[in-house]
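Please look at the sequence and the structure below before reading on. The paragraphs that follow lead through helices and sheets in turn.

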Amino acid sequence: MSRDTVLVLTGFDLGALPVVRWLADRFRVVLIASRNATNQKNYPAFVESAALAEEWIWVDDLFGDWATVRQAELWHERYGVRHVVCLDERGLIVAARLRGLLGVTTGQDLRSAEAFRLKHRMYELLEGAVDVPSFAVAADGFDVREAARRLGTPVVVKPVDGAGSKDTVVLRDEAALDDWLGTHPVTLDAPVLVQEFAAGDMYHVDGLTAGNEAYGVTISRYGGSTLGYQEARPLTSAMVPLSAPAHGLLTEAVRTVLATLPDTGGSPFHAEFFLEENGHVRFCEIAARGGGAGVGPCWKLAHGADMFRAHALMQCGLAGEVLPELPAQPAGRYGWYLESSPEGRLLGLPDRCDLPGVLEYNVTGRMGQPHGGATSSIDAIQQFVVGFQGDEDERKTFDELSRWCAQHRLLVPVSAA
């Protein structure tokens with residue numbers, strides 16, 4: 001019995017690890033992987049996964065090299081590609097373009113991919129449905145200065161297609177604006193979004209979506225700013241209790257957002273909102289993929305399902321297998337702690353952490369190699385997944401983790417070898 005063919009694009013720094021295994025038992029898998037998606041640590045696992053594929057190749061620039069398109073067309077002629085799977089946000093528009101090119105009817109189409117990837121498109125579609133910040137798209141320094149002066153500082157400047165708060169800055173006054181302009185070319189390499197600064201605590205909302213509906217929703221509050229990595233401050237997140245007002249307010253908000261934007265064809269979502277003291281909700285952004293850092297592990301603990309596996313299956317039209325698995329409510333409260341990567345050479349970290357409440361501990365820093373500082377909100381040297389009892393105050397757990405990290409981390413200046 002012949003099997004449908006699924007094209008997998010993977011640019012994760014995890015290689016093909018689980019994706020091919022999730023699909024190979026029911027599909028013929030053809031795989032295109034970024035050459036830098038493997039390293040010495042996970043290369044054997046990549047080889048094991050790639051061996052399950054019918055064919056596979058490496059491409060230097062997976063989402064920018066025309067070789068990806070050429071190979072997809074070649075395999076389509078040979079096998080008839082029925083599905084395209086990509087879990088990496090950087091490739092969601094490319095994957096959508098390939099679906100259109102190959103006549104694939106499952107997964108996210110181009111209109112939806114652009115709405116969830118390009119922030120100005122997202123804001124335009126959501127105006128009137130939720131409170132979105134005032135914004136402007138700037139292609140050069142003149143546009144940035146004009147927008148900042150029109151909106152009034154502080155303003156946020158970020159890539160229109162950014163993720164992980166990378167290359168995002170808050171320009172708090174005219175002097176900061178002038179400094180930013182002085183360190184960038186007049187004509188920018190890529191357009192940026194200049195948007196009104198929003199106050200309030202920042203939350204992220206995660207789950208699955210199909211048919212513009214939300215499933216398996218979790219509401220979590222960030223501890224500190226997602227821009228704290230720029231000063232090597234840790235980033236924390238904790239699910240809020242179901243009884244918290246924020247849970248109801250943000251569940252309603254994300255349902256409105258998903259009902260307004262084009263259907264993703266079935267995917268995880270990762271949304272961010274600001275919640276002001278008076279209960280007013282302001283939209284920040286949403287992505288049609290699983291969240292980074294500890295979002296996936298926490299969601300799996302809460303719902304007993306892997307959102308990345310769900311994403312792979314849903315792109316193959318199998319949402320009906322994924323959604324019934326979800327419980328009516330999360331099975332507990334979970335959170336995560338990221339120790340941002342400061343400048344220096346990392347010489348030592350413990351192999352384990354036995355602090356109460358710590359459920360998972362991962363060393364993500366490059367041992368022995370110099371660190372120039374974090375470049376995004378999820379660029380960390382240690383990651384912890386924690387569980388909370390009832391409605392306990394999570395700050396105690398995070399304070400203990402902060403002290404533990406400071407005590408056990410061995411980091412020296414780069415010049416000290």
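**Helices and sheets of a predicted model**

The crossing of H3 and H4 is right-handed, a term used when the near helix is turned clockwise from the far one by less than a right angle. This is a predicted model, in which local features need pLDDT of at least 70 and side-chain atom pairs count only at pLDDT 80 or more, while totals for chains, interfaces and linings use all residues. Residues are numbered from 1 along each chain as its sequence is written, and side-chain values use heavy atoms, with hydrogens and water left out. Helices (H or I, at least four residues) and strands (E, at least two) are DSSP runs, numbered from the N terminus.

Two packed helices are described by the angle between their axes and the distance between the axes. For H3 (residues 66–79) and H4 (residues 92–102), the angle is about 35° and the axes are 11 Å apart. Axes are lines fitted to C-alpha atoms, for helices over the stretch in contact, and angles run from 0 to 180 degrees between N-to-C directions. H3 contributes Val69, Ala72, Glu73 and His76 to the contact, and H4 contributes Leu98, Leu101 and Leu102; contact means heavy atoms within 4.5 Å.

Strands of a sheet pair through backbone hydrogen bonds, either parallel or antiparallel. Here four strands form an open sheet in the order S3-S2-S1-S4, with parallel pairing; two strands pair if DSSP finds at least two bridges between them. S3 (55–59) and S4 (81–86) are at the edges with a single partner strand each, so one side of each has no neighbour in the sheet. Five bridges join S1 (residues 5–10) to S4, and Leu7 has Val84 in S4 as its bridge partner. H4 packs on this sheet, touching S1 and S4, and its direction makes about 175° with that of S4. H3 lies across S1, S2 (28–34), S3 and S4, at about 170° to S2.

A further open sheet has four strands in the order S5-S8-S6-S7, and its pairing is antiparallel. The twist averages 30° from one strand to the next. Within this sheet, S6 (residues 155–159) and S8 (residues 187–196) pair over five bridges, and Val156 has Gln195 in S8 as its bridge partner. H7 (residues 141–151) packs on the sheet, touching S5, S6 and S8.

Finally, consider H11 (residues 307–314). Among the buried residues are His311 and Leu313.

Note on methods. Buried means under 20% relative accessible area, exposed over 50%, partly exposed in between (1.4 Å probe, protein chains only).
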